[in-house]
Amino acid sequence: MTSIQGSTTIPATAPRVESAQQAYDDVPYGSFPVSASHPDRLYSMASLFGQKPVLPDNARILEIGCAGGGNLLPLASLFPNATCVGVELSQVQCDYGTKAIEFTGFNNVTIQQGSVTEIGPEFGEFDYILCHGVYSWVPDFVREAILRVCSQNLSPNGVAYVSYNVMPGWYFKGMIRGMMLEHVKGIAEPLKRIGQARALLKFLVDANVNSHTTHAEFIRTEAALLQKLPDSYLMHEYLEEHNNAFYFRDFIREVMQHKLQFLGEASIASTWIGNFTRDAQKGLEPIADAIQRGHYMDCITGRTFRETYLVHADRTVNRNISTEQLQEVRFSAKMEYLGAEKNSSTGSVLKRYKSKTGMTVQSNDTIIQHALELLTENYPQSQSATQLVEHLRKTLPKELSEKLDVNHIAGNLIQGVLAGWVEFRILPDRLQLRGHKKPKVTDWARCQAQAGKYATNLRHEFINLSEINRQIIPILDGTKEIPEIVREVSFLIQSGLLKVQLAHAESNIPAGEIPKRLVEEVLSQLAMQSLLMPDA
Ligand SMILES: C[S@@+](CC[C@H](N)C(=O)[O-])C[C@H]1O[C@@H](n2cnc3c(N)ncnc32)[C@H](O)[C@@H]1O
C-alpha cells in the first residue's frame with residue numbers, strides 16, 4: 001500500500017473480508033456523526049492528561065470503517081486545512097461517501113474502498129485515528145489490524161478512538177442476538193431476516209405480557225429500544241456474522257500488545273469513582289490499577305459499550321491535573337433551576353438545579369451558583385474560570401466580587417466534569433451564540449440542508465431542521481451581512497419559493513418587516529442548535 005497523499009488506492013480487498021463487505025453492501029449502515037470521536041474531544045482529554053496533541057485544524061485524520069462519511073465529512077468541512085482519509089470496506093457505502101464529497105467539492109477528504117487489514121506503514125501517519133462501531137463487528141484478524149493501524153500509523157502525539165461492546169453487560173444483549181440468529185437460520189435475504197428478527201421479538205414480548213421476571217422485563221426493555229432503531233442497526237448489531245464483546249481489561253491487554261495505552265474513556269464521568277455508591281467506592285478504592293478498577297466498574301454497572309481513547313505506550317499520561325492546567329480548561333453547563341432553601345441559622349441559601357444530563361446538583365456557595373447561572377445563560381458556549389471571574393466581577397456586588405477566586409471556581413467545575421454535569425473543552429468554541437456579523441453554517445451542513453432535513457451541528461450532533469431553517473441555511477455562507485440575507489429572504493418570499501408559516505405571517509407585523517423578523521428568529525434558532533460558526 002502506498003502513501004495516502006495523491007491519488008493512491010488500497011489494493012483489492014482480501015477475500016477473507018468479503019462476507020462483511022457483502023453485508024454492508026446489502027444493508028448500508030446509517031452514517032452519522034459520533035460526537036465522542038470528534039478530534040476536539042480527543043484533543044481536550046489528551047491535553048488535560050498531559051499530552052501535546054496536534055491541533056485538529058491542521059491534523060491528519062484517519063477513519064477506519066467510515067461507512068458513507070457521516071462522521072468524517074463534517075470534520076473535513078470544519079477543518080479545511082486538515083487532511084481527512086476514510087477507509088471503508090463496502091463499495092456501496094464508499095460510493096455514497098465519494099458522491100457526497102463530489103457534491104461538496106471538498107478537496108481535503110478522500111474515502112477509499114478497502115480493508116484496514118491492507119493498511120501498512122507507508123499509508124502514512126495520522127494525528128487522530130477514529131474507529132467507531134467496527135472493532136466488535138469484525139473477525140479476529142481485522143480486529144488485530146485495527147489496533148495495529150492505531151499504533152503503527154499514529155503520529156507520536158496522536159490519539160486514537162476505538163469503540164466496542166463490553167462484557168459483562170453485553171451478555172444480556174447477546175442472549176437476544178442468539179435467539180434472533182437461531183430463529184433466522186436458513187433465511188438468506190437480509191430484509192426477510194430483519195423482518196423475522198422483529199417478529200420474534202414481538203412474539204416474545206406478547207408471550208410475556210403477564211410476566212414480571214427479570215427475563216420478561218429485559219425483553220420488554222430491549223424490544224422498546226429496538227423498535228426505535230432502524231433496520232440497518234438491528235441487522236448489523238444482532239444479525240451480523242460477527243459481534244464480539246470484550247471485558248475491558250482484555251481489550252486493554254490487546255491494546256498494550258500493540259504498544260498503545262489507555263488514555264481515558266470518552267465519558268470521564270462513567271469512570272469516576274465519585275459517581276458510585278459509598279459501598280461501591282469502598283470496594284473500588286483499594287484497586288489502584290485504573291484498568292482493573294474499570295473492569296469492576298463495568299461489572300457493577302453492567303456497561304455494554306465503551307468509547308476508549310488511546311495513545312502510544314511510551315507517552316507519560318498524567319491524570320493529576322495541575323492548577324495551571326485547570327486555568328486552560330473551558331467549561332459549559334446548562335442547569336435548570338429547581339428551587340432554593342434558606343438555612344435559618346447560617347443564612348446561606350441552598351440552590352438546586354437539574355443538569356442537561358438529568359442529574360440533580362445543589363450548592364450553597366453563592367459564587368458557584370452565579371457561575372452556573374452564567375454558564376447556563378451562554379450554553380453551549382464555553383468559558384474558562386478566568387473568563388467567568390472577569391464577567392462576574394462586573395456584575396456581582398462588591399462584597400461578593402471580592403471573594404471571586406479562579407481556582408475555587410475551576411476546582412468546583414472540574415468536579416462537575418468528573419461527576420458528569422459540566423462539559424469541558426480546551427480549544428476555543430467552534431460555535432457562536434449571538435452577535436454574528438456575517439452568519440455562517442458549515443459547508444457540510446449547508447449541503448445537508450439542501451439535500452434533506454438533517455444537518456450535523458458544531459457539537460457533532462445530528463439535528464432535525466425545520467422546513468424554514470432548512471431553506472434559509474444555504475444562504476448562510478459567511479459572506480453576507482444580515483441586511484443582505486434579509487433581502488435574499490424577502491426575494492424568496494415574494495417569488496413564492498419560501499413559504500412563511502411563522503407567527504409573524506399571521507400577526508399584525510407589517511409585511512415589509514416579516515423577512516427581517518424571520519431572519520432574526522431563524523438565526524436565533526440556529527444558534528441554539530449550535531449551527532452557527534464564530535465570525536471570521
Ligand atoms: C457498524 S458499521 C459502523 C460504521 C461507522 N463507523 C459508524 O459508526 O456509523 C461498520 C463499518 O465497518 C466497515 N468494515 C467492516 N470490515 C472492515 C474492514 N476490514 N476494513 C474497513 N472497513 C470495514 C463496514 O463496511 C461498515 O461500514
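Domain bounds here come from an automatic or database domain assignment. This is a predicted model: local features need pLDDT of at least 70, side-chain atom pairs count only at pLDDT 80 or more, and totals for chains, interfaces and linings use all residues. Residues are numbered from 1 along each chain as its sequence is written.

**Exercise 1. Domains and confidence**

Work out which domains the chain is given, and how far apart the C-alpha centres of domain 1 and domain 3 lie.

*Solution.* Start with the bounds: domain 1 is 15-166 + 247-312, domain 2 is 170-239, domain 3 is 323-425 and domain 4 is 443-528. Next, take the C-alpha centres of domain 1 and domain 3, which lie 33 Å apart. Their contact takes 8 residues from domain 1 and 8 residues from domain 3, where two residues are in contact if their C-beta atoms, placed from the backbone, lie within 7 Å.

Now for the confidence. pLDDT is the predictor's confidence in each residue, from 0 to 100. The chain averages 92, and 93% of the residues score at least 70. Over residues 1-16, though, the pLDDT is below 50, and this stretch has 32 contacts in the model beyond near neighbours in sequence. Where pLDDT is low, the predicted coordinates should not be read in detail.

**Exercise 2. Around β1 and β2**

Find the strands that pair with β1, and say which way its side chains point.

*Solution.* Two terms to begin with. Helices (H or I, at least four residues) and strands (E, at least two) are DSSP runs, numbered from the N terminus. Two strands pair if DSSP finds at least two bridges between them.

- Step 1: β1 (residues 60-64) pairs with β2 (residues 83-88) in the parallel sense over 5 bridges. L62 stands opposite V85, and E63 faces G86.
- Step 2: β1 also runs parallel to β4 (residues 126-131), joined by 3 bridges; there I61 has Y128 as its bridge partner.
- Step 3: R60, L62 and I64 point one way from β1, while I61 and E63 point the other way, and all are buried (20 or more other C-beta atoms within 10 Å of the residue's own; exposed means 12 or fewer, partly exposed in between; C-beta atoms are placed from the backbone). In a regular strand the side chains alternate between the two faces of the sheet.
- Step 4: carry on to β2, where 5 of the 6 residues are buried, so the strand is largely enclosed by the rest of the structure. β2 pairs in parallel with β3 (residues 109-113) over 5 bridges, and G86 has I111 as its partner there.

**Exercise 3. Check helix α5**

Does the span of α5 agree or disagree with what 1.5 Å a residue predicts?

*Solution.* The expected span is 1.5 Å times one less than the number of residues. For the 13 residues of α5 (residues 140-152) that should be 18 Å, and the end C-alpha atoms are 18 Å apart, which agrees. Buried residues in α5 include V142, A145, I146 and V149. Among the elements covering the buried residues of α5 are β1, β4 and β8 (305-312).
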